[in-house]
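Please open the model in your viewer and keep the sequence panel beside it. The tour below moves from one selection to the next and says what is to be found at each stop.

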Amino acid sequence: DHNPIKRQQQRQQEIDNALKIDQKHSEKIMKILVIGPPGSGKNALMKSLQIIYGKGYDKDERQRYILYIKYQIVEQMQRIIEIHKEIQQDEESKLDVILDD
């Protein structure tokens with residue numbers, strides 16, 4: 001159709017429809033305010049929500065988390081070994097006391 005008024009009306013209708021769809025989408029969005037002291041889990045909550053309801057993590061974020069998790073595994077294993085050594089030393093010193101008596 002070459003009628004400029006009709007094309008303008010069609011275009012206006014398309015814009016109106018797009019605005020209605022956008023408004024319906026905006027009404028479904030829930031906004032929350034998360035407050036709390038440092039270390040209370042705000043970040044963990046937001047990350048969990050991003051994983052569950054969002055698009056998840058991009059490749060770079062996943063790679064950073066993989067490295068962080070590997071680092072934490074090594075750190076915690078080292079801590080377990082340290083604690084085990086402390087317990088062993090404590091048990092050995094108790095045994096020495098018993099044997100010395």
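Begin by selecting Lys-59, which counts as exposed because its relative accessibility is 66%; here buried means under 20% relative accessible area, exposed over 50% and partly exposed in between, with a 1.4 Å probe and protein chains only. Lys-59 belongs to helix α3, residues 59-100, where helices (H or I, at least four residues) and strands (E, at least two) are DSSP runs numbered from the N terminus. If you also select Lys-28, 31 residues away along the chain, you will find 28 Å between the two C-alpha atoms.

Before going further, note that this is a predicted model, in which local features need pLDDT of at least 70 and side-chain atom pairs count only at pLDDT 80 or more, while totals for chains, interfaces and linings use all residues. Residues are numbered from 1 along each chain as its sequence is written, and side-chain values use heavy atoms, with hydrogens and water left out.

Colour the chain by pLDDT, the predictor's confidence in each residue from 0 to 100. The protein chain averages 86, and 98% of the residues score at least 70. Confidence is highest in helix α1 (residues 4-28), at a mean of 89, and lowest in helix α2 (residues 42-53), at 85.

Now zoom out to the whole protein chain, which has 3 helices and 0 strands. Its radius of gyration, taken over C-alpha atoms, is 31 Å, well over the 13 Å that the globule rule gives for 101 residues, so the chain is more spread out than a compact globule; that rule is 2.2 Å times the number of residues to the power 0.38. Along its principal axes the C-alpha trace spans about 110 × 30 × 15 Å, and buried residues make up 3% of the 101 residues.

Return to α3 and select all of it: the helix has 42 residues and reaches 61 Å from its first C-alpha to its last, close to the 62 Å expected, the expected span being 1.5 Å times one less than the number of residues. At its N-terminal end, show the side chain of Asp-58, which caps α3 with a side-chain oxygen 3.1 Å from the backbone nitrogen of Asp-60.

Next, display Tyr-57 and Tyr-65. A search of the whole structure finds 1 aromatic pair, and the rings of Tyr-57 and Tyr-65 have their centres 4.9 Å apart and their planes at 45°, so the pair is tilted. Rings of Phe, Tyr and Trp (its six-membered ring) pair if their centres lie within 6.5 Å, with planes under 30 degrees apart counted as stacked, over 60 as edge-to-face and the rest as tilted. Tyr-57 is buried, at 16% relative accessible area, whereas Tyr-65 is partly exposed at 27%.

Move to α1, whose 25 residues reach 37 Å from first C-alpha to last, close to the 36 Å expected. Asn-3 caps the N-terminal end of α1, with a side-chain oxygen 3.1 Å from the backbone nitrogen of Ile-5.

Finish at Gly-41, in the loop between α1 and α2, where a relative accessibility of 34% makes the residue partly exposed. The C-alpha atoms of Gly-41 and Pro-4, 37 residues apart along the chain, are separated by 58 Å.

Notes: Polar contact = N/O pair within 3.5 Å; in protein donor to acceptor, adjacent residues only side chain to side chain.
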